[in-house]
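Welcome, and thanks for taking a look at this model with us. Please have the sequence and the structure open side by side as you read.

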Amino acid sequence: MEVRGVMHSWFVFGTVEEAADDVDYIFRGTAISERVDWLIFYVEIKPDDSPRLVTITEFEVTEVFKGNLVPGDIFEIYQIGGIDESHNVTLQSEDRVELAIGEDFVVFAFCTFRVFEEDERRYTFPNAVLAPMQAFHWVASERTGRGMAMDSTASVVNDGVIISRPDNPFTLTREDLVRIAEENGHEVGRDISVASR
């Protein structure tokens, strides 16, 4: 198998407030599927014509804190890196977050707007992206335990725990999410209900 590597330099926010102000969507959702694809990314500053292997994770939205989503929407998240078994290629990205299917996350994301040109199989994305270690916050429960790779010090929130990656400078709490929701015209409860499966 051919193994390639890629590393990005991300702008990292120092506080929850800074991150919340900068993104278009903040939601809670369940990772329901994952696939890989080869995409060509174009950004205004430095065009890059080489296709990149990306992992695309679909989330079913269960709660909305910012943005025009509603529970039940499907939201796709793209991360550079992954394994393409059909072409025997692995693209390793040190900052890619492994997202377990069936698990519950709070996600900070930018607009999913993209342009697809059929004849060239090319996607054009906005050039603004949130650092992966700040984009995904796992909602742990007694059922799931605390064994995921992103495990770190976290605040206990009722029957669930919101866990950030260790390299994220802020810890996200339920109180933060309630405040963000109220500021953006959404209604959510103060309790975090962890669905039993």
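## Burial and the model

Buried means under 20% relative accessible area, exposed means over 50%, and partly exposed lies in between, using a 1.4 Å probe and protein chains only. Gln79 is buried, because its relative accessible area is 7%.

A word on the source: this is a predicted model, in which local features need pLDDT of at least 70 and side-chain atom pairs count only at pLDDT 80 or more, while totals for chains, interfaces and linings use all residues. Residues are numbered from 1 along each chain as its sequence is written, and side-chain values use heavy atoms, with hydrogens and water left out.

Where does Gln79 lie? Its place is strand β4, residues 74-80. Helices (H or I, at least four residues) and strands (E, at least two) are DSSP runs, numbered from the N terminus.

Contact here means heavy atoms within 4.5 Å. Setting aside neighbours within four places in sequence, Gln79 touches Leu53, Val54, Thr55, Asp95, Arg96, Val97, Leu99, Pro132 and Phe136. With Val97 there is a further detail: the Gln79 side chain reaches the backbone nitrogen of Val97 at 2.8 Å.

## Strand pairing around β2

Two strands pair if DSSP finds at least two bridges between them. Strand β2 (residues 25-39) pairs with strand β3 (residues 52-66) in the antiparallel sense over 13 bridges. Within that pairing, Asp37 stands opposite Val54 in β3, and Val54 is also one of the contacts of Gln79.

β2 has an antiparallel pairing with strand β7 (residues 104-109) as well, over six bridges. There, Ile26 has Phe108 of β7 as its bridge partner.

Now please turn to helix α3 (residues 174-183), where Arg179 is found. Is Arg179 buried or partly exposed? Arg179 counts as partly exposed because its relative accessibility is 27%.

Beyond its neighbours within four places in sequence, Arg179 is in contact with Val16 and Glu17. Glu17 is 162 residues away along the chain, and the two C-alpha atoms are separated by 9.9 Å. The side chains of Arg179 and Glu17 are joined by a polar contact of 2.8 Å. A polar contact is a pair of N or O atoms within 3.5 Å; within protein, one must be able to donate a hydrogen and the other to accept it, and residues adjacent in sequence count only if both atoms are side-chain atoms.

## Asn88 in a loop

Asn88 sits in the loop between β5 (82-84) and β6 (89-93). Its phi is near 55 degrees, a positive value in a residue other than glycine. Asn88 counts as partly exposed, at 39% relative accessibility.
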